[in-house]
Amino acid sequence: MKNILWDIIMIAIGVVLILFPGATMDIAIKVIGVILLVAGATGIVMGIRGQGLYMAYTMTGAVVSVVAGIVCLVSPNLIKSILPLIMGVVILATGVFNITNSFNAKKAGASRWFVSLILAVITVILGIVILLNLNGTADLLVTIIGIVFVYNGVSTLIMRIVNKV
C-alpha cells in the first residue's frame, strides 16, 4: 500500500509541475533555501556546543547548508539550471531499477513481466531525453519532468498491478 501511495504522489507532483512549472520551481527553490538555512543555523548552534571531531563535522555540514540555502534564495536560476540534471538522473535510475524488477518478476514466474520491462525501458529513454536536453528552458523542462513523473507513477502503478509486486 505504501508503494502505491508513492506512485499516486508521483502522479500528483507531475500534474502540479505540468500545470504550474515556473511557479512550482520558484516556490520549491525558495522553500528548500529556507529549510537549508534553518538546518544550517541549527547545525552551527549544535557545532558550537559540540566538542572535537563532532564539532568539526557538524560545523562543516552546517556551513555548507547555509551557503546552499543562500544560493537558493539569492541565485535561484543557478538551481533551475541544475534541477533538470538531477531529475534526469533520478528518472534514468528509476528506469534501470524497474528493468531489474521486471527481470525479477520474470524469475518469480509473473506471466506479464514484459509489460513492466517495456515500461521500464521507456522510463530509461525518457530519463536520457531529459539529460540530452539540459539547455532547454527550465519551465519547459519542468513541464517535461512533470509529464515523465505522471508517466512514471502510472507505469509503476501498472507494473505493480500486472505483476502483483
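# Briefing: patch, core and contacts

The model is predicted. A search of the whole structure finds one salt bridge, and the structure holds one aromatic pair. The largest nonpolar core has twelve residues.

**Surface patch**

- The nonpolar patch covers about 520 Å².
- Its members are Val15, Val16, Ile18, Leu19, Phe20 and Ile147.
- Valine 16 sits in helix α1.
- Valine 16 has 40% relative accessibility, so it counts as partly exposed.

**Largest nonpolar core**

- Twelve residues build this core: Met10, Leu17, Met25, Ile29, Cys72, Met87, Ile91, Ile130, Val142, Ile145, Val148 and Phe149.
- Two or more residues come from each of α1, α2 (21–49), α4 and α6 (138–163).
- Helix α6 gives the most to the core, with four residues.

**Salt bridge**

- Aspartate 7 forms a salt bridge with arginine 160. The closest N and O atoms are 2.7 Å apart.
- The pair links distant parts of the chain. Aspartate 7 is in helix α1 and arginine 160 is in helix α6, 153 residues apart.
- Aspartate 7 has a relative accessible area of 2%, so it is buried.
- Arginine 160 counts as buried because its relative accessibility is 15%. Buried means under 20%.

- Isoleucine 144 is found in helix α6.
- Its relative accessibility is 30%, so isoleucine 144 counts as partly exposed.
- Isoleucine 144 and leucine 17 are 127 residues apart along the chain. Their C-alpha atoms are separated by 8.5 Å.
- Leucine 17 is one of the residues of the largest nonpolar core.

**Aromatic pair**

- A pair of aromatic rings is described by the distance of the centres and the angle of the planes.
- Phenylalanine 103 and tryptophan 113 form the aromatic pair. Their centres are 5.8 Å apart, with 35° between the planes. The pair is tilted.
- Phenylalanine 103 lies in helix α4 (residues 76–107) and tryptophan 113 in helix α5 (residues 113–132), so the pair ties together parts that are ten residues apart in sequence.
- Phenylalanine 103 counts as partly exposed because its relative accessibility is 38%.
- Tryptophan 113 has a relative accessible area of 18%, so it is buried.

**Helix α5**

- Helix α5 has 20 residues, which should span 28 Å at 1.5 Å a residue. Its end C-alpha atoms are 29 Å apart, which agrees.
- The buried residues of α5 are Trp113, Ser116, Leu117, Leu119, Ala120, Thr123, Val124, Gly127 and Ile130.
- Residues three or four places apart in an α-helix point the same way, because there are 3.6 residues a turn.
- Ile130 also belongs to the largest nonpolar core.

**Helix α2**

- Helix α2 has 29 residues. From first C-alpha to last, α2 reaches 42 Å, close to the 42 Å expected at 1.5 Å a residue.
- The buried residues of α2 are Pro21, Gly22, Thr24, Met25, Ile29, Gly33, Gly40, Gly43 and Gly47.
- Among them, Met25 and Ile29 are part of the largest nonpolar core.

Terms used:
Residues numbered from 1 in each chain as written. Predicted model: local features only at pLDDT ≥ 70, side-chain atom pairs only at ≥ 80, totals over all residues. Heavy atoms only, no water. Patch = residues over 30% accessible without salt bridge, like charges linked within 9 Å, V, L, I, M, F, W, Y side chains within 5 Å. Areas by Shrake-Rupley, 256 points an atom, 1.4 Å probe, with all protein chains shown as cover. Salt bridge = Lys/Arg side-chain N within 4 Å of Asp/Glu carboxyl O. Buried < 20%, exposed > 50% of the residue type's maximum accessible area, 1.4 Å probe, protein only. Phe/Tyr/Trp six-rings, centres within 6.5 Å; stacked < 30°, edge-to-face > 60°. Expected span 1.5 Å × (residues − 1). Core = buried A, V, L, I, M, F, W, Y, C linked by side-chain atoms within 4.5 Å.
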